[in-house]
Amino acid sequence: MDVNPRRLVNIGAERVSHVSNTEFPGHYPNEDHSWNLESFEQNLTVRIHRLSQRSIEFDLIGVDASIANAFRRIMIAEVPTIAIDDVYVFNNTTVIHDEILAHRLGLIPLNVDPTQMDTLEDGDSPTDRNTLEFRINLECSWKDSKGKSTSATPTDDERYVNHQLLSKHLQWIPAGEQLEKLKTAGPLNGDIVLAKLRPGQAVEMVLHAKKGQGKDHAKWSPVATATYRLHPNIVITKPIPFERAEEFKKCFSPGVVKVDKKKRTVQIDRDHMRNDTVSREVLRDPEFKDSVELSRIRDWFIFSVESESAYKPEQLLPEAIGIMKEKIAAMKAAAMELLGGEGGGEDVVMQDET
Amino acid sequence: MATSEVPPKVRIMKGAAPDLSAATYQVYDESHTMGNALRWMLMKNPKVEFCGYSVPHPSEPNIQIRIQMYDNLSSLQALIKALDDLNHLCDSINTKYTESLQNDGYQRWDEKS
C-alpha cells in the first residue's frame, strides 16, 4: 500500500504539515480537479469495519474533510430523537431539587422511533402525534421487618420499599393512536438511578416527551459519540537494527509492528496500522527518528459512532445523509426562487443588511 | 427582534455585482455543516474565482457565502450547480454505504451496555 504523497498529512516530532487538501482546479498546472461525479465515485470507498448492537466503525475514503465533517455534525446535532421536555411536578419531597430531577429525566434515552412522531412547533398544542405522556408515582416506605431480622448491617433493599427512583418507574400513558403506532414506549435502559428516597419521601410527576434535535439540547442527540480520525500511515525508510526491535515495537500501539524472529526483520503490519495512535514516541529516539516516516491519510476517515437512542448504529449515517439532502433541497428551492426573481433583465433588488 | 417573521432562507447581501458575478449570500438557519461543504464544492468549480464562507456571529443562525466568478458568469447559477453536485455526492455515499452494509463481511460483535 504505497499511498500517493499528495494524500498524506505529514507528522513530525513537533509539527504537522501538508494539512490542507490541494485538489482544486488551478492548483496543479495541467491537471483537472474540477468536480466530476464519475471520478469521485471511482475514488470513493465506504467500508464497514465492525458493528455491534450499540456502535459502528466504518471507513469513508475519498472525500474531503468538509463532507465527512458535515455528516459527523449532522449525526450529533440534527438527527432528531425523542426526549422528555416538559415535567409537571405535583409532589417531590426527595432531596433532589425539582429542576435537577427534571434535567435528569430529560437525559434518559427513550426507545421511540422518531419517524413515528411530529415535531411540536411553537404555538401548537400537544397532541398524540407530537407528545408522549409518562407518569411517575413513587413513595418510599419501611419494610415491615425494617431489615432487623436479616443481618446486623441490613442493606437498603432489606430495609426499604422503593428507595430508588429508577428510569423503569416511568409509566407510559398512551393517548389516541399511540398504542397502535408505537406498541411500546419507555427508557432504553430501565436501571438509571434518578433519585434516592427514604421512608416518607415521594415523587409524583407528569412528563411530556417531544421530538427535538441535538442543536437545541444535547439530550436530543442520538449519539454518545460520533467522531472520526484519519488513517495512520507508517513507513520504515531504513532497516531497524534487530537488536532494538522490541524497543521499536513499544513505540507503537500493540500489533502495529511485526517482528519476525526467524528472518530477523522488523515490519509494519498493514492490517493493524489503523490501530496506531500516532503517538510520535518513535521520533523521540535518536536512532529511530530518521528511519521512519509518520503521516496520516487526509481523505481516509475512520468513523466511530455510538448510538444512544432508538436508532440502530448502522442507521445513523443514512439518516444524516437524508437530512443533508433535505438541507440541500431547502437551499436549492430558495436559490431557484432568487433566480426566478432575477428574470426580465432587471437588476436584483438587494436587501439592506440587518 | 422586532418581528417574529421567519427570514428568507437565502438572500443576496448589499454590494453584489448587478450581474451577480460576485455576490455574498446569507443563508438562514445553516452552520458550518452546509457552509464548509458548499464552499468546498464551489471551489471544485473551475469558473469560480473565489469562494469563502463565514459564520458572522456564533449566536445568530446565519452563514454568509461569498462567491466571485470568472468571465462575469452568474454566481447564483454556480451556487445551484454546487447544490446539485452535493446532492449527487450524498446519493453515491449512501449507495456505497448500503452496499457495504449488505455485502461486506465485517466483524460483528456483542457490546454490553
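Two strands count as paired if DSSP finds at least two bridges between them, and the strands themselves are DSSP runs (E, at least two residues), as helices are (H or I, at least four), numbered from the N terminus. With that in hand, strand β3 (residues 45–51) and strand β4 (residues 55–61) of chain A run antiparallel and are joined by six bridges. The model is a predicted one, in which local features need pLDDT of at least 70 and side-chain atom pairs count only at pLDDT 80 or more, while totals for chains, interfaces and linings use all residues. Residues are numbered from 1 along each chain as its sequence is written, and chains are lettered from A and ligands numbered from 1 in the order in which they are written.

Three residues lie between β3(A) and β4(A), which form a hairpin. Within this pair, A:Leu51 stands opposite A:Ile56 of β4(A). β3(A) also pairs with chain B: two bridges join β3(A) to strand β5 (residues 107–108) of chain B, and here the strands run parallel. In this pairing A:Leu51 faces B:Arg108, and A:Arg50 stands opposite B:Gln107.

The contact between the chains involves 48 residues of chain B and 50 residues of chain A, two residues being in contact if their C-beta atoms, placed from the backbone, lie within 7 Å. On the chain B side, β1, α1, α2 and β5 each supply at least two residues. The most comes from α2(B), with 17 residues. By class, this side of chain B has 26 nonpolar (Ala, Val, Leu, Ile, Met, Phe, Trp, Tyr, Cys and Pro), 11 charged (Asp, Glu, Lys and Arg) and 11 polar residues (the others, Gly among them).

Chain B also holds an open antiparallel sheet of four strands, in the order β1-β2-β4-β3. β1 (10–12) and β3 (48–54) of chain B have a single partner strand each and stand at the edges, so one side of each is left without a neighbour in the sheet. Neighbouring strands are turned by 20 degrees against each other on average, direction ignored; axes are lines fitted to C-alpha atoms, for helices over the stretch in contact, and angles run from 0 to 180 degrees between N-to-C directions. Three bridges link β1(B) with strand β2 (residues 22–28) of chain B, and B:Arg11 has B:Gln26 as its bridge partner in β2(B).

Two helices accompany this sheet. Helix α1 (residues 32–43) of chain B lies across β2, β3 and β4 (62–69) of chain B and runs at about 175 degrees to β3(B). Helix α2 (residues 75–103) of chain B packs on the sheet, touching β2, β3 and β4 of chain B, with its direction at about 115 degrees to that of β4(B).
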